[in-house]
Amino acid sequence: MAQRTEAICDGKTIGIESIFTVINGKQINIPDKLNWLREKSRHNELFCPCGCGANLILVAGDKNLREQHFRIKDSDTELECTAVTEGKTSIESKIVLKCWLDDKLATGDVDTRVPINAIDDIDRKYEFSFLSMKKKIAVSYFRDRANITDEKLDVLDMNSQDIKLIYITDIMNGGAEGQFPEWLMKIQSRQGFCLLLSIDGVDYEKARLEAVLYDQDIDGLWCEVPVTDGMLSEYDFDEDNNLILHGELLDSMYDRAWFEFRKKQDREHDRRVRQQEEAEAERKRRQEEAEAERKRRQEEAEAERKRKQEEQQRLKEEYERKQREYQEEQKRLREAAEAEKRKAAEEFARNMAAGFEQQETQIKDENGVRWIKCEFCGKIAPVKEFSSYGGPNHINLGTCVECSRNNPAAAVEITIPQRAKQRYDPNICPECGSRLIERNGRNGRFMGCSGYPRCRYTRSIR
């Protein structure tokens, strides 16, 4: 913290910055001001601003710009003093601003810490940091943004009469980082832009002044938009007390910066709209491609389904055709078998009587049923209707059931001797004794029993 930076003289506050000025670009102390303050201190006319009643003296060197301040006289050191110390950056900034105003206005009347009631007859504690009545220019400097209140700014605005009022705040109050700069927006709403002061000690030649404005970007975030930036010594005033830099009005720079920022946001908006449109077009394109692919797959699936259906229909028709062929073949075979059977039956019937004249071979019909001739009544019938049959020289002869019951001479049982093993005949079925006939099948020609389907004996033809 800086040492005591102000004193009360004749009811008026005097800041230590009042002793500094710039002559020919050189920052120096003001001799007349120094002598006047020392004279006042010798006559005990400088008092502590806290109201403790202590007398103050000026501590100021003449070789450099070391820290200047007011100090309580040794005789009053025992008094209880409650003076508020001022920040080092705050007093150094005021020294730099005092030098700047003296350098640019060259009026010699720049006063410091001027209360409002010195301008208007009101009872308010607010003050201008600097005031030149000749140029009608006042500066209000705020080290801490917490001191920027609507009440204070309204009072300064309403009581400045025709004075050009400029608001300047410390560089540390700048920056937005997306947040609403509440205190700086109070200044911007009145001045159009904010002036941010950065210093390097009390050296006026090294001080810089930035002009910025605050606005929301397309996302709603608050941005600090640079208006201009330069050395404090490069800023000046035109004939209408407007701030200029290198001959150009800050108001014009503000308009250009605001326009460029809004144009940038418009470009960003247009870019996002195009990006969104491109994304929407890409989405639609992909959707159309997906739909086309879905339709293609659906068509392929439908074509495959139809192909399978046609294949199944073809197989079904092929199966039905083969079934018909098989059934026709079976029908043909049955008809052939029946014809063969009829032929055999006819042949059997035709040769039956002659067959009983020999007693060497059994007489069987096309179904393999053995037939016997009754020796008593001459009846020819299947073997099941005979009570006895066979014997030497009686292979095909026997006694029917009726004769065995009614004819006593036929009641004698005929003993059937063991049948002698017959000689193999390749044209006779070995299972039922029927004739074998040549047939045509899937695997070629073969020998089959004429008693089919009762007898299913077959033999391949080598």
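Predicted model: local features only at pLDDT ≥ 70, side-chain atom pairs only at ≥ 80, totals over all residues.
1. Ground rules: residues count from 1 along each chain as its sequence is written, and side-chain values use heavy atoms, with hydrogens and water left out. Local features need pLDDT of at least 70, side-chain atom pairs count only at pLDDT 80 or more, and totals for chains, interfaces and linings use all residues.

2. The count is one cavity of 30 Å³ or more, and the largest cavity has a volume of about 30 Å³. A cavity here is a set of points on a 1 Å grid over the protein atoms alone where a 1.4 Å probe fits but cannot get out.

3. What lines the largest cavity? Lys-12, Thr-13, Ile-14, Gly-15, Ser-18, Lys-33, Asp-111 and Thr-112 do (lining residues have an atom within 4 Å of a point). β2 (12-15) gives the largest share, four residues, and β7 (111-115) supplies at least two. Strands are DSSP runs of E, at least two residues. By class, the lining has one nonpolar, four polar and three charged residues, with Gly counted as polar.

4. Helices α3 (residues 150-158) and α4 (residues 182-191) have axes that come within 10 Å and cross at roughly 25 degrees. That makes α3 roughly parallel to α4 (angles under 35 degrees). The α3 and α4 crossing is right-handed.

5. At that crossing, Asp-150, Leu-153, Asp-154 and Asp-157 in α3 meet Lys-186, Ile-187 and Arg-190 in α4, contact meaning heavy atoms within 4.5 Å. The contact residues divide into two nonpolar, no polar and five charged.

Conventions. 1 Å grid on protein atoms, 1.4 Å probe; cavity = no way out; pocket = protein on both sides within 12 Å on 5 of 7 lines; lining within 4 Å. Points joined across faces, edges and corners; volume = space filled by probe spheres on them. Axes fitted to C-alpha atoms, helices over the stretch in contact; angles between N-to-C directions. Parallel < 35°, antiparallel > 145°, perpendicular 65-115°, else oblique. Left-handed = near helix turned anticlockwise from the far one by under 90°.
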